[in-house]
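This briefing covers the sheets, the ligand site and some backbone features of one model. Please keep the sequence and the structure open while reading.

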Amino acid sequence: MNLYFDNSSTSFPKPEGVSQSINEYFSHGGTYGRAAYNRVIEVSRKVESTRSLLANLIGTSLAPNVVFTSNATHAINLFIRGMRYPKKKVIISPLEHNAVCRPLQYLFQTAGVGVDTFPHHPDGRIDIQKAAKVNFASYDLGIINHVSNVNGVIQPIKEIKRLMGNTPLLVDASQSAGRVEIRADEWKLDALALTGHKGIMGPTGTGALFIRNPDMADPLIFGGTGSNSESYLQPIDLPDRFEAGTPNIVGIYGLWGALSSGMGYSFKREHFVELLHEISTFSSFKLLAADDTDFQSDVFSIKPLGMEVSELARILFEKFSVETRSGLHCAPLAHRTLGTFTTGAVRFSLSKFHTDNDLDYLHSCLKKIDEGRS
Amino acid sequence: MREEANTGFTILIFSNIHQVMHAEKIIADKGYPYRIVPVPSNLSSECGLCIRIESSYLDSILSDLQNIKVEIHTLNNEP
Ligand SMILES: Cc1ncc(COP(=O)(O)O)c(C=O)c1O
């Protein structure tokens, strides 16, 4: 039985190919570029093959525009801090993570860049009809968390970008990459940040930024790339412009293993939707989920009524061995939007490894807790 | 694998490793003979890698590489 329900923090278990690929790297070693012996050629091929797999996953034909970072936080900072803000105004979704809110707060303090929020429904999903009336031309940038790490709401990115026109959009795909469909080219996304260790199920320390027009942002980190070494200037070509220093080759090998695993879901979508429905009927919990299941990813939270959230997480673990994350999930803005600030909630985040039986077990645990209290 | 025509070698230098690997894949998939070699130091102070091809295949390889930015150097001797 798989009782690990904290995959939005980091995924576990990983597909077998992850450790196999990492072991393969440790057996032959070598760096990325910079020389031309076989070890290096092998590593360079693998790194570039991983880049292509990522490009494929997010639906872009622009593989060199996918630059490796150490996680989504790094990718988001690279873009937000590298951009220029002549209009001094940014618009964000109401379900943003601190990976976005904190760099924006820094920009506000240091450069006076203000932040507005997209009009939205009670569950935090952006209201397309109301958004159609927003004057997007007055903003330097829009930022949207594709899948909420609190209630699992999937934002209608394609429709929003269509409304935004030429105003750039950065999508935080930390929770969505590997879980829900992303079509960066078709949706005309300007930038997208992802992390390798959550929905993609790769190792920690891996991530990427997709940036359509590299001139939109200055690099965050400058240094050696193994290219143009005679110059003190950072190369302008992608991906080197944003990839100074030796990359996380071990992690990228693991990421390759995850991306090539081709794993599908082991539980049925209808079963998951049914579980959410059942939980919504329990009188001792308030369910935090999408109001419309079409916009629901496999993450949700519950707020116990008349009990501390940490107490519920403790009971789940000590009595039932169910691992969850309680509190604010680094997303105080999302909890404010959902009315659960400052206590937060208990979050359940699934993975492709969960089966219908695991969901049934979770259901039975919550039912027992509910019955014991009502 | 195509015939070795032995008409001397040409070095293809790219702007970075991503481009070398991208070009290598195209060249290898089409079956042209090639080798990845260090960039000759008389061509660049660069420490990286480049692709050495047979000069007789240069035109067809360039057309297969389409819009990849490449610097071309013909070698007199095998490096
Ligand atoms: C929505 C969202 N954005 C960003 C992040 C940051 O991801 P990482 O810690 O891998 O940089 C997370 C992870 O907690 C997240 O859920």
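In what order do the seven strands of the open sheet in chain A stand? The order is 1-7-6-5-4-2-3, and the pairing is mixed. The model is predicted, with local features requiring pLDDT of at least 70, side-chain atom pairs counting only at pLDDT 80 or more, and totals for chains, interfaces and linings using all residues; side-chain values use heavy atoms, with hydrogens and water left out. Residues are numbered from 1 along each chain as its sequence is written, while chains are lettered from A and ligands numbered from 1 in the order in which they are written.

**Sheet of chain A**

- Strand 1 (66–69) and strand 3 (114–117) of chain A are at the edges with a single partner strand each, so one side of each has no neighbour in the sheet.
- From one strand to the next, the twist averages 20°.
- Strands here are DSSP runs of E of at least two residues, helices are runs of H or I of at least four residues, and both are numbered from the N terminus; two strands pair if DSSP finds at least two bridges between them.
- Four bridges join strand 2 (residues 89–92) of chain A to strand 3 of chain A in the parallel sense, and Lys89(A) has Gly114(A) in strand 3 of chain A as its bridge partner.
- Helix 2 (residues 38–57) of chain A lies across strand 1, strand 6 (191–195) and strand 7 (207–211) of chain A, at about 115° to strand 1 of chain A.
- Angles run from 0 to 180 degrees between N-to-C directions, and axes are lines fitted to C-alpha atoms, for helices over the stretch in contact, where contact means heavy atoms within 4.5 Å.

**Ligand site**

- The ligand is surrounded by 13 residues, the closest being Thr73(A), Asp172(A), Gln175(A), Thr195(A) and Lys198(A); a residue counts as near if one of its heavy atoms lies within 4 Å.
- The shell around the ligand has two nonpolar, nine polar and two charged residues. Ala, Val, Leu, Ile, Met, Phe, Trp, Tyr, Cys and Pro count as nonpolar, Asp, Glu, Lys and Arg as charged, and the others, Gly among them, as polar.
- Thr195(A) has a polar side-chain atom 2.6 Å from an oxygen atom of the ligand, and an N or O atom in the side chain of His197(A) is 2.8 Å from a ligand oxygen atom.
- A polar backbone atom of Ala72(A) is 3.2 Å from an oxygen atom of the ligand.
- Of the 400 Å² of accessible area that the ligand has on its own, the protein covers 90%; accessible areas come from the Shrake-Rupley method with a 1.4 Å probe.

**Sheet of chain B**

- Four strands form an open sheet in the order 2-3-1-4 (chain B), with antiparallel pairing.
- Strand 2 (34–38) and strand 4 (70–74) of chain B are the edge strands, each pairing on one side only.
- Strand 1 (residues 9–14) of chain B pairs with strand 4 of chain B over five bridges in the antiparallel sense, and Ile13(B) stands opposite Glu71(B) in strand 4 of chain B.
- Helix 1 (residues 17–29) of chain B packs on the sheet and touches strand 1, strand 2 and strand 3 (49–54) of chain B.
- Helix 2 (residues 58–65) of chain B also packs on the sheet, touching strand 1, strand 3 and strand 4 of chain B.

**Backbone features of chain A**

- Most residues other than glycine have a negative phi, and most peptide bonds are trans.
- Leu238(A) and Pro239(A) are joined by a cis peptide bond with omega about 0°; Pro239(A) is in the loop between strand 7 and helix 7 (249–259) of chain A.
- Lys188(A), in the loop between strand 5 (169–172) and strand 6 of chain A, has a positive phi near 60°.

How values were computed
Polar contact = N/O pair within 3.5 Å; in protein donor to acceptor, adjacent residues only side chain to side chain.
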